[in-house]
Amino acid sequence: MQFIKGHGTGNDFVILPDPDGQLPLTPDLVAALCDRRRGIGADGVLRVVRAQRHPAAVGMAASAEWFMDYWNADGSFAEMCGNGVRVFTRYLITAGLAVPPTTTDAGVSGGPGVSGGTDVSGGAAVGGGAAVGGGVGLPIATRAGVVHAVVRGQDIAVYMRMPRIGGASDAVLGGRSLPGTVVDCGNPHLVCVLPDGVGLPELDLTRMPVVDSVVFPAGVNVEFITEGKPVDGADLHVDMRVYERGSAETMSCGSGACAVAAVALRDAGLAAGVVAVDVPGGRLTITLDAESCWLSGPAVLVAHGEVDLPALSG
Ligand SMILES: N[C@@H](CCC[C@H](N)C(=O)O)C(=O)O
């Protein structure tokens, strides 16, 4: 079985090209592939399959040729993976399977967030204000709907679903209760701003924080962040660590960074802005206004090869 390995700010994926949807992918096989000692090692698997050929995506086939069939490292599905979409797009480009527009193409130039600037006037041209993107950019089907990707220099930017801020809920970590905000990005998030005196490096994320299972019946990704501060080149800067549902602590989470940006802007009293989110694996830039959410950052392919399936399961 052919595979490619890639990452976006250290959030790493095994990519499995399967255009016709013929791979017998199972939770056990995904977990074995993602095993960092006995397998290839990754936070998740991205199966590359034509939307037409996958039951979960056939309804989106008129809008998107390709479906990102995302699985967490433990073999569970997730609705959305922002870094996954960016790495998936990098693969499609490299394999010659798609040609997404660059930010210098008509209609995308100066698009919100992609430039990292504050010009959001391209919003209508790029996204049209729809919840999940509106037509310019390479459409990618996900379990949370169709999103759109564009190339910006070395980076890939995705027009994501709008983060929806919900109520309050706590995460308990090492016996300490940390207040957080529920955010829906297609997948569930809980964003906790650390109180004064608690530093990100001291958090023990070797275990899942305890969360309210009534609020999160299907589990949740928990982001811990510093308070947003103004910074050169963006309206706000935050540092973030994340414990992901199905993958444990990862170096980065794109949908999590969008959730974080929404909370940081709200807490700063800003209706819109550019938020630089530093994760252990690098920097993601999120540009958010009332109608659009762009996630931008590097996406890199680092290896390719053949998986020996009998050895993997042996
Ligand atoms: N790292 C991803 C999110 C992957 C899915 C998540 N673990 C979940 O179960 O919702 C990202 O970049 O968004």
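I started at Cys81, which touches Gly44, Tyr70, Gly254 and Ser255, leaving out residues up to four places away in sequence. For me, contact means C-beta atoms, placed from the backbone, within 7 Å.

Housekeeping before going on. This is a predicted model, and local features need pLDDT of at least 70, side-chain atom pairs count only at pLDDT 80 or more, while totals for chains, interfaces and linings use all residues. Residues are numbered from 1 along each chain as its sequence is written.

**Entry: the two cysteines**

I looked up where Cys81 sits: it is in the loop between β4 (66–72) and α2. Helices here are DSSP runs of H or I with at least four residues, strands are runs of E with at least two, and both are numbered from the N terminus. Cys81 counts as buried because it has 30 C-beta neighbours inside 10 Å. The cut-offs: 20 or more other C-beta atoms within 10 Å is buried, 12 or fewer is exposed, and in between is partly exposed, again with C-beta atoms placed from the backbone.

Then I checked Cys253, in the loop between β14 (248–250) and α4. Cys253 is buried too, with 36 C-beta neighbours inside 10 Å. Its contacts, aside from neighbours within four places in sequence, are Asn11, Asn83, Asn221, Val242 and Glu244.

Why pair these two? The unreviewed UniProt entry has Cys81 and Cys253 under "active site". Such annotations may be inferred rather than shown by experiment; the positions follow the numbering used here, and feature names are shortened. They span 173 residues in sequence, but no two of their C-alpha atoms are more than 7.6 Å apart, so they gather at one spot.

**Entry: α2 against α4**

Next I took the helices that follow those loops. The axes of α2 (residues 82–94) and α4 (residues 254–267) come within 5 Å and cross at roughly 130 degrees. Axes are lines fitted to C-alpha atoms, over the stretch in contact for helices, and angles run from 0 to 180 degrees between N-to-C directions. The two helices are therefore oblique to each other (under 35 degrees is roughly parallel, over 145 roughly antiparallel, 65 to 115 roughly perpendicular, the rest oblique). From α2, I found Gly82, Asn83 and Arg86 meeting Gly254, Ser255, Ala257 and Cys258 of α4.

UniProt's unreviewed "binding site" feature includes Asn187 and Asn221. I found Asn187 in the loop between β9 and β10, buried with 28 other C-beta atoms within 10 Å. Asn221 is in strand β11 and counts as buried with 26 C-beta neighbours inside 10 Å. Among the contacts of Asn221 are Asn187, Glu244 and Cys253.

**Entry: β10**

Last, I walked along β10 (residues 188–193), where 6 of 6 residues are buried. Pro188, Leu190 and Cys192 point one way, and His189, Val191 and Val193 the other. β10 runs antiparallel to β9 (residues 176–184), joined by 5 bridges; pairing takes at least two bridges found by DSSP. In that pair, Gly180 stands opposite Cys192. β10 also pairs with β11 (residues 221–225), in the parallel sense, over 5 bridges. There I noted Leu190 opposite Val222.

**Entry: whole chain**

I count 5 helices and 18 strands, and 51% of the 314 residues are buried.

Methods. Contact = placed C-beta atoms within 7 Å.
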